[in-house]
Amino acid sequence: MHRGRIVLALFLIALGAYLLLERLGISVPGWDAMWPVFPLAGGLTLLGGYVFGERRDPGHVFLGTALTLAGAAFFFITLGPLEYSDLGVWWPVFVLIGSVAFVAQWIATGLRDWGALFLGLVALAVGGAGLATTLQLLGPETRELLPNLWPAVLILLGLILLLRALFSRQSKQ
């Protein structure tokens with residue numbers, strides 16, 4: 001299969017359709033609003049290459065997931081309902097995207113890359129805490145409360161180490 005040619009052909013078709021609609025006077029969003037299509041398409045291409053390709057690189061799953069979700073998140077800004085100024089509140093979403101990407105990589109390795117799972121869980125905790133803080137989900141005192149919860153990271157680390165020990169034991173038997 002000539003994946004590179006197929007991707008190029010699909011890109012040219014989409015670009016041609018966009019430019020044709022624009023030339024015909026049909027209202028289409030400008031490039032300032034449509035640029036997230038590039039990371040989104042790149043991510044989908046990497047994920048498609050992993051699923052349908054012969055050589056399966058779990059790193060492509062991480063990058064493909066991260067690019068796809070980041071592109072989709074930026075569409076919430078460029079096409080609405082959010083604006084760039086809202087990133088001061090919504091920045092933890094990108095940490096959560098990293099978390100999802102690490103977990104996707106862990107799954108792609110057949111649940112064997114414990115480093116990816118660990119990073120995914122740490123990013124989940126950091127992103128979740130960041131979002132709880134910026135959105136004040138735990139009340140207006142969230143910024144004062146969260147620093148006191150740092151021992152939860154120790155509990156999480158202990159749980160990960162425990163799961164790793166239990167699963168590595170089962171795989172050796």
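User: Which helix gives the most to the lining of the second largest pocket?

Analyst: Helix 7 does, with four residues, where helices are DSSP runs of H or I with at least four residues, numbered from the N terminus. This is a predicted model, in which local features need pLDDT of at least 70 and side-chain atom pairs count only at pLDDT 80 or more, while totals for chains, interfaces and linings use all residues. Residues are numbered from 1 along each chain as its sequence is written, and side-chain values use heavy atoms, with hydrogens and water left out.

User: What volume does the second largest pocket have?

Analyst: Its volume is about 220 Å³, taken as the space filled by probe spheres set on grid points joined across faces, edges and corners. A pocket here is an open set of points on a 1 Å grid over the protein atoms alone, where a 1.4 Å probe fits, with protein on both sides within 12 Å along at least five of seven lines, and lining residues have an atom within 4 Å of a point. Eleven residues line this second pocket, and the closest to its centre are Ala-125, Val-126, Ala-129, Leu-149 and Val-153.

User: And how does that lining divide?

Analyst: Into eleven nonpolar, no polar and no charged residues, with Ala, Val, Leu, Ile, Met, Phe, Trp, Tyr, Cys and Pro counted as nonpolar, Asp, Glu, Lys and Arg as charged, and the others, Gly among them, as polar.

User: Switching over, how much space lies in the largest pocket?

Analyst: About 690 Å³. Among its 24 lining residues, Val-7, Leu-10, Ala-41, Leu-44 and Thr-45 are the closest to the centre, and helix 3 gives the most to the lining, with eleven residues.

Key. Helix = DSSP H or I, 4+ residues; strand = E, 2+ residues; numbered from the N terminus.
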